[in-house]
Amino acid sequence: MTKRHGYALLAAIVAVIVVMSAAIYVGAAADDGNSSRSALAGAPGPHNSAAPASVGTWVGAWSASPGGAEPGTEAAGLAGRSVRNVVHVGVGGTDARITLSNLYGQQPLRITHASIAVAASENDAAAAAGTMSRLTFAGSTAVVVPAGQQVMSDGVRIRIPRDTDVLVTTYSPTPSGPVTYHQHARQISYIAQGDRTEDPTGTAYTEQTPSWRYLTALDVLSNESAGTVVALGDSLTDGITSTTGANHRWTDALSERLRAAAGSGDVPRYSVVNQGISGNQILADGLGRPADNPSGLNRFRRDVLDRTNVKAVVIDLGVNDILRNPRQVDPRTITDGLRRLVRQAHSRGLRVVGATLMPFGGHRGYTSGRDAVRRAVNEEIRAGLVYDAVVDFDKALRDPYDPRRLRSDYDSGDHLHPSDRGFARMAAVFDLDDLKGSAPAEL
């Protein structure tokens, strides 16, 4: 080989190395390090196309815990119908991905098409112009979700503004058995006959539902947020008495506070996702297999640890353990259960903020004995013997003249659940600085 030929060969090798390095860099730029899948770049519209890789951090923008099998769907599921879930996100992003669950299905769930779009307006089944985007799963428009399992979509390029409604639509042509759902959405979603997955209009979506079906998470690739706060709770977190379609749960208000305070002082730039299930307990599962309304201990890994880029956890559980167990007389049973949740969070280095239990005087389940258990649990929590930090919902919402009851303007009327004003108060007393940092070495 001549010297000239040797230089030419060396130059060719260097060129190949440069090209390969550039390809590796572009691929890595779209991966948040939190998932085995990188975001697939796709232009807005019903079909994906090549686009530059996005940068940012994958965070949870919305989530809901699967709470059971929807009654009446045991045989056919929702075969032959398009399910358009309407969800509200508090944080924006440039890319999105979803998680679908078939936890309560008795046979595989076959999804042949799925899409995501920004809603044209609040509580609307129609998509904003130019935002309808097709979702894929491992590169395919179709996916089969085995019974008892869940799947995450590929990332798709779609610009989602903060504080907006998003439409996630799925179509299944075949019976799937019981539909996995979240019963109390406090949000109206829609159903259409046939495959209307990529129909941007709301005309065909004539059937309404107060529940979310199949969809359990929406993540976004965001430059606004550096991580996710997970709120684990019962109906008080689920927001069961908040105004439908108004996003007045306390977690919504907390998300707004974090967004408004981002960049000021040491307030962390976090999104908030809601993992509340009405009727949830720390210790006891519901009936069935898998259990409807699984306990906080049962679902902690799935609903907290497995959420995207979690940085902190807020726990508001315990009232149902008191109300639904007439023979529950030992508050240590409850505080021991809460400490088990905290230990699970600490095993992942997550900081835990815990809530005191609010009063329920006047509720049909109230007794002086149950209230004594509640107050004893709160004493342990306030003493710093359960959580890393405390948010005192009890003190903030109780009637100063009768601490056994909610203050009247914070009471929805059932003497257990807050009004919209009460939910806003819960978020207002939250010390945002309590969310920063990691778990201590020892509690």
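The face of helix α7 turned away from its buried side carries the exposed residues Ser368 and Glu379. Here exposed means over 50% relative accessible area, buried means under 20%, and partly exposed is anything in between (1.4 Å probe, protein chains only). The model is predicted, so to speak of local features takes a pLDDT of at least 70, side-chain atom pairs count only at pLDDT 80 or more, and totals for chains, interfaces and linings use all residues. Residues are numbered from 1 along each chain as its sequence is written, and side-chain values use heavy atoms, with hydrogens and water left out.

On the buried side of α7 sit Arg370, Asp371, Val373, Arg374, Val377, Asn378 and Ile381. They cover an arc of only 155° around the axis, so they end up on the same side of α7; the arc is taken from the directions that run from the helix axis to the C-beta atoms. The cover over these buried residues includes α5 (319-323), α6 (331-346), β20 (351-355), β21 (389-391), α8 (393-397) and β23 (402-406). Length works out too: at 1.5 Å a residue, the 15 residues of α7 (residues 368-382) should span 21 Å, and the end C-alpha atoms are 21 Å apart, which agrees. That expected span is 1.5 Å times one less than the number of residues in the helix. Gly369 also has its place in α7, and it counts as partly exposed at 40% relative accessibility. Gly369 lies 42 residues from Arg327 in sequence, with 10.0 Å between their C-alpha atoms. Just after α7 comes Gly384, with a positive phi of about 80°.

Zooming out, the chain has nine helices and 23 strands. These are DSSP runs numbered from the N terminus: H or I over at least four residues for helices, E over at least two for strands. Of its 443 residues, 54% count as buried. Among contacts (heavy atoms within 4.5 Å) with a separation of 6 or more, 80% come from residues 24 or more positions apart.

On a 1 Å grid over the protein atoms alone, a cavity is a set of points where a 1.4 Å probe fits but cannot get out, while a pocket is an open set with protein on both sides within 12 Å along at least five of seven lines; lining residues have an atom within 4 Å of a point. Points are joined across faces, edges and corners, and a volume is the space filled by probe spheres set on them. The count comes to one cavity of 30 Å³ or more. The largest cavity holds about 30 Å³, and α5 gives the largest share of its lining, three residues. The largest pocket holds about 400 Å³. Of the 25 residues lining this pocket, His184, Ser278, Gly279, Asn293 and Arg324 are the closest to its centre.

Most residues other than glycine have a negative phi, and most peptide bonds are trans. Arg289 and Pro290, however, are joined by a cis peptide bond with omega about 0°, and Pro290 is in the loop between β18 (270-276) and α4 (296-305). Asn309 is not a glycine, yet has a positive phi of about 55°; it is buried, at 16% relative accessible area. His415, in the loop between β23 and α9 (420-428), has a positive phi near 65° and is partly exposed at 27%.
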